[in-house]
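Work through the following exercises with the sequence and the model open beside you. Try each task before reading its solution.

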Amino acid sequence: MRQAKLYSYSIPFQSSLILRGREISHRQGLILHLEQGNLQGWGEIAPLVGFSQESLEEATEQAIDWCRAWQTGQAEGDLDRLVPSVAFGISCALAELDQSLGLEADFGTVPLCLSELDFPKLEQARLAKIKVGLQAVEKEGKFANDLLNRLPQLKLRLDANRKWSLEQALAFAQEIEAHNRTRFDFIEEPCPSPDLSRNFAQQTGLPLAWDESVREPGFIVRAEPHLSALVLKPSLIGSLDRCIHLIQQAHQAGLQAVISSSLESSLGLTQLARIAKQYTPETLAGLDTLNLMGCQIIRGWQGRGLPIVGVDGLIRLF
């Protein structure tokens with residue numbers, strides 16, 4: 001006997017966020033619960049505004065259709081024919097159901113540094129992440145350089161989301177002292193195109209990571225000069241099998257594969273932590289986004305005191 005249930009959630013942010021020029025105050029998504037005999041599986045379907053190709057409404061319609069088909073045994077086939085967020089959420093629920101997703105999670109993550117107020121929490125950290133492309137490049141360069149000088153044990157990951165021109169990216173690099181340039185783990189997509197980012201890396205020697213590029217048609221995983229990592233946001237990529245294939249290709253090319261959040265709820269984040277533990281155990285994931293949320297859903301993140309909302313606090317759609 002199979003049973004599928006689909007719920008919607010809306011989590012308030014601690015404060016409003018600007019995503020690709022749009023202000024949002026809540027994180028919205030779907031929670032999938034599958035039951036078969038004595039087994040059950042959970043998954044999160046959460047398109048991200050401004051980043052996902054599909055809307056929440058489109059994902060909801062597709063997820064309901066899949067639930068109907070699955071309950072009658074007619075939902076077999078390639079999940080990647082579905083939109084990415086639906087494919088990923090369903091694949092996680094199925095992986096829990098067949099017990100192929102490991103239970104052990106890596107709750108260690110890379111702390112996100114937004115201002116000097118975050119410096120104290122980085123005193124024991126070996127690695128931190130900074131969002132750049134939000135202010136004047138010279139100011140951001142000085143901020144990163146100052147952080148490295150204050151905390152000599154620290155390495156940095158930067159995420160630019162393709163917001164810098166080549167000239168801006170080079171201006172940022174000019175603010176980084178020579179002895180600090182080896183302390184960057186990578187810079188995600190500094191420029192609007194991969195070729196401009198490659199030009200930047202060639203001129204500065206700073207390491208790159210592909211993020212948006214991974215999700216573009218025709219992308220091929222291969223080793224390149226100055227390329228350090230692939231940043232994988234599973235909710236934007238597709239099924240768990242597709243993500244695992246990209247991880248394997250990255251490792252074969254000598255690259256890091258970094259599991260990264262798309263602002264999922266605590267349920268999705270704990271599953272990403274399990275995926276990271278199982279498939280990228282040597283690399284810290286980028287999952288430090290729960291502090292943006294006003295509550296947790298179904299499962300709590302280890303050590304976080306935010307209230308946990310169960311299914312009774314969600315809206316059932318199917």
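The model is predicted.

**Exercise 1. Explain how D65 and R68 are placed relative to each other in their helix, and describe their contact.**

Solution. 
- Step 1: Begin with the spacing. D65 and R68 are three residues apart in helix α1, so about one helical turn separates them.
- Step 2: Look at the side chains. Those of D65 and R68 form a salt bridge, at 3.5 Å from N to O.
- Step 3: Check the accessibility. D65 has a relative accessible area of 44%, so it is partly exposed. R68 is also partly exposed, at 47%.

**Exercise 2. Which residues of α1 are buried, and what covers them?**

Solution. 
- Step 1: Find the helix. α1 runs over residues 56-71, which is 16 residues. From first C-alpha to last it reaches 22 Å, close to the 22 Å expected at 1.5 Å a residue.
- Step 2: List the buried residues. They are A59, T60, A63, I64, W66, C67, A69 and W70.
- Step 3: Find the cover. It includes the strands β1 (2-19), β2 (22-36) and β3 (39-45), and the helix α2 (84-97).
- Step 4: Just after α1, G73 has a positive phi of about 75°.

**Exercise 3. How many of the 14 residues of α2 are buried?**

Solution. 
- Step 1: Take the span of the helix. α2 reaches 20 Å from its first C-alpha to its last, close to the 20 Å expected at 1.5 Å a residue.
- Step 2: Count the buried residues. The count is 13 of the 14, so α2 is largely enclosed by the rest of the structure.
- Step 3: Look at what follows. After α2 comes Q99, with a positive phi near 65°.

**Exercise 4. Which residues are linked with D118 in a network of salt bridges?**

Solution. 
- Step 1: Start from one pair. K121 forms a salt bridge with D118, with 4.0 Å between the closest N and O atoms.
- Step 2: Compare accessibility. K121 is partly exposed, at 41%, whereas D118 is buried, at 16%.
- Step 3: The network links D118 and K121 with D288 and R304.
- Step 4: The whole structure has 19 salt bridges.

**Exercise 5. How many residues does the largest nonpolar core have, and what does L147 touch?**

Solution. 
- Step 1: Nonpolar side chains tend to be buried together in soluble globular proteins.
- Step 2: Size the core. The largest one has 79 residues, and those with the most contacts inside it are I130, L147, L156, F200 and L232.
- Step 3: Follow L147. Leaving aside neighbours within four places in sequence, L147 is in contact with C113, F119, L122, I130, L154 and L156.
- Step 4: Turn to the second core. This separate core has 23 residues, including L30, C67, A93 and L97.

Terms used: Residues are numbered from 1 along each chain as its sequence is written. This is a predicted model: local features need pLDDT of at least 70, side-chain atom pairs count only at pLDDT 80 or more; totals for chains, interfaces and linings use all residues. Side-chain values use heavy atoms; hydrogens and water are left out. Helices (H or I, at least four residues) and strands (E, at least two) are DSSP runs, numbered from the N terminus. The expected span of a helix is 1.5 Å times one less than its number of residues. Buried means under 20% relative accessible area, exposed over 50%, partly exposed in between (1.4 Å probe, protein chains only). Contact means heavy atoms within 4.5 Å. A salt bridge is a side-chain nitrogen of Lys or Arg within 4 Å of a carboxyl oxygen of Asp or Glu. A nonpolar core is a set of buried Ala, Val, Leu, Ile, Met, Phe, Trp, Tyr and Cys residues joined through side-chain atoms within 4.5 Å.
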